[in-house]
Amino acid sequence: MPAVLLFAAFKLYPIGWSFVLSLHRRVGGVDTFVGADNYRRLLHDPLFWTALENTCVILVIQVPLMLALATGLALAFNSATLRARSVFRLGFFLPMVTGLVAYGVIFSVLLNEKSGLVNWLLGLVGIGEVPWLTDPLWAKISLGLVLTWHYTGYNAVILLARLQTIPSELYDAAAVDGAGAWGTFRHVTLPGLRPAILLTTVLSTIGTLQIFDEPYILTQGGPDNATLTIGVYLYQNAFMYFDFGYASAIAYALAVVIGVLGLIQFRVLGDRP
Amino acid sequence: MNVSRRKVLGIGGALAAGAGLAGLTACSGTGSAGAGSGSAGDGRKGDISVWSWAGPAAELRALVPDFNKRYPDIKINVQDIGNPAIWNKITTAMAAGGAGLADVLHIGVDYLPGYVEKFPDGLADLGKLGATDYKDSFAQGLWQTVAPKGDRVSALPWEANSAGFYYRADIFEESGVDAAALETWDDTLEAGKKIKQKTGKYLLGIDKPASQADAANFFQMLLQLQGAFYFNLDGDITLASPAAVKAMTIIKELNDAGLVSDLAGGWNALISSIKKGTAAVLPWPTWFGGIIEETVPGEAGKWGVRLPPAVSRGGTQATTVNSTHLAIAGSSKQQAAAWKFVEFVLTRPESQVRIYKGKGIAPALMTAYDDLVFHTPSEFFRGQKKGEVFLEALKAPSPAFNYSPDYARALKVVADAQTKVLLKGADPASALQKAAEQLAEQTGRKVL
């Protein structure tokens, strides 16, 4: 019961109220009902589409790469030949424990173009200064790298847990049938991992669509909106421009996008009846 | 397995997660409803909290002992919230009807109109507490900023910053350029070329990828030197005006000539470039002089200061580029006591002189300038009287600039346009035209 009350007070009420807000615009200090105006404005707002596009680029490029990497890591963690296994597992999982803001700040220092450690190290091997956070393309790449650093280990651990539930008889049978390493992976491991892959895909998709902390701290959405995500744009509208109605409309648009993508993923990857 | 049920649950989870973000914005509520619920209270005693940031906060704190000699029963608690954190904190507190808001708030000109427009009762009317007595005490144009319609006084001016031009006199001498003789920015462009050739130094620095909201400071100064701004007094968008195109064109020419260093990373990059001596000129306002002295105390005698060159020959070199103010929360129950502190800090020359001596924050209060400190030669600036340089600017007629509640949005589109011009070689006129149209789309304002 307390849980329900808390949920109602801190989740349900804000969710409902922000919908009401999304139908209003504050004019001269008074919330004025404007119907679907905020949503109509959304459709014609180039920055909203830029934000959506940036978010989708991360979704389409970073998430699959990260999950492939996580699957590889999970296999390695599970390998009988790996020594000091728990050290590696802990090492890759540890980034997940660091606070979003803390690691964002650390990376912004590391990736500083003029005085960052990364460019200093690259300089030692003769590579010139890389504009990690100040060039539109490089800023996107940096954001992808930082996200990968933070979340790969986490996904690997989820995949690993599933990996360990695949019965070893299946591998024995595959060996008897003469399947090679690749055949075993494709026909035994991957099908066995399917539920975990679905889970990590959906979680990563939701996480990516809501991504805020990293671009906010690393680049503030810049340069020239190259790393503007929906979360950052929402924040700017609410807390920099005081346009709560429009920000709420963005949030609802985002919820719809997440819902639709989630549905598609369950269709494509989910258990078939 | 129960596939359909799992699907439904999964989607539900995804939706809830999305809507959780929606919840982020839900705290705005009806805002102002409760914000005007404050009252004057007893003017002789109270427990007053003050929000400010960094240097100014320290100076406010330093004034408290003197204040308590006169008002022993009013306790003052100054909190350094940090800038820009303070703006979020004020916004959320005002949106919550003033819950948790301090009694006295330090607010910049860039945020003041926004708060006033979005939260009409968020700030107390200081006119009722006695502020109108000081109507003519402040630098030109500032009363219009705090009381644009003349009926309601939302704040009282604290600092008034004029456009400035700090330069490394030793570098100018080495290059054989007379800094004092620069009349226009075209002259300055030629001077910059000489400096680059002789010493390898840049003329000035700009945060090209706009890592910070104020990345277009220099652009804004060039605009204000022409008496122009992002909005006109009617609130129409003037971002694509000839003056704006001229300002952006100057920046492009300086950049194309290789005279602009990149201050990517914002404030920290700026400070480290001062330490390294990357550029010969810092086209920053009054308050920045104190920062330079603090950053490179060992370079005393190497620096000079003057007002910036004009945009066109014979044009003005003086303009007030920004101001900050103290306001009282509309929700405060001790407005009378809070006013005592505001009055003590802002209308008493001794207080302002002390603050100037501490952190070089230039008073908006004109009587403070009678003090000798503004008329003594500065060792750091080669015996120049820095105070007089800027006092001359404050006395010059300065048009009122309409920051409007949409200033933050304007800054953003301007910074993006500047990034396009500097990093992608965009044409100033078309980049600004696009910026103006985008701003119009967002705000429903007209483009002139």
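In which sense do β5(B) and strand β9 of chain B pair, and over how many bridges?

## Strand β5 and its partners

They pair in the antiparallel sense over 4 bridges, with β9 of chain B covering residues 303-306; two strands pair if DSSP finds at least two bridges between them. Strands here are DSSP runs (E, at least two residues) and helices likewise (H or I, at least four), numbered from the N terminus.

## Where the domains touch

Chain B is assigned domain 1 (36-161 + 321-395) and domain 2 (165-317 + 406-443), with bounds from an automatic or database domain assignment. Their C-alpha centres lie 28 Å apart. In contact are 20 residues of domain 1 of chain B and 19 of domain 2 of chain B (C-beta atoms, placed from the backbone, within 7 Å). On the domain 1 side, α14(B) gives the most, with 4 residues.

## About the model

This is a predicted model: local features need pLDDT of at least 70, side-chain atom pairs count only at pLDDT 80 or more, and totals for chains, interfaces and linings use all residues. Residues are numbered from 1 along each chain as its sequence is written, while chains are lettered from A and ligands numbered from 1 in the order in which they are written.

Technical notes: Two residues are in contact if their C-beta atoms, placed from the backbone, lie within 7 Å.
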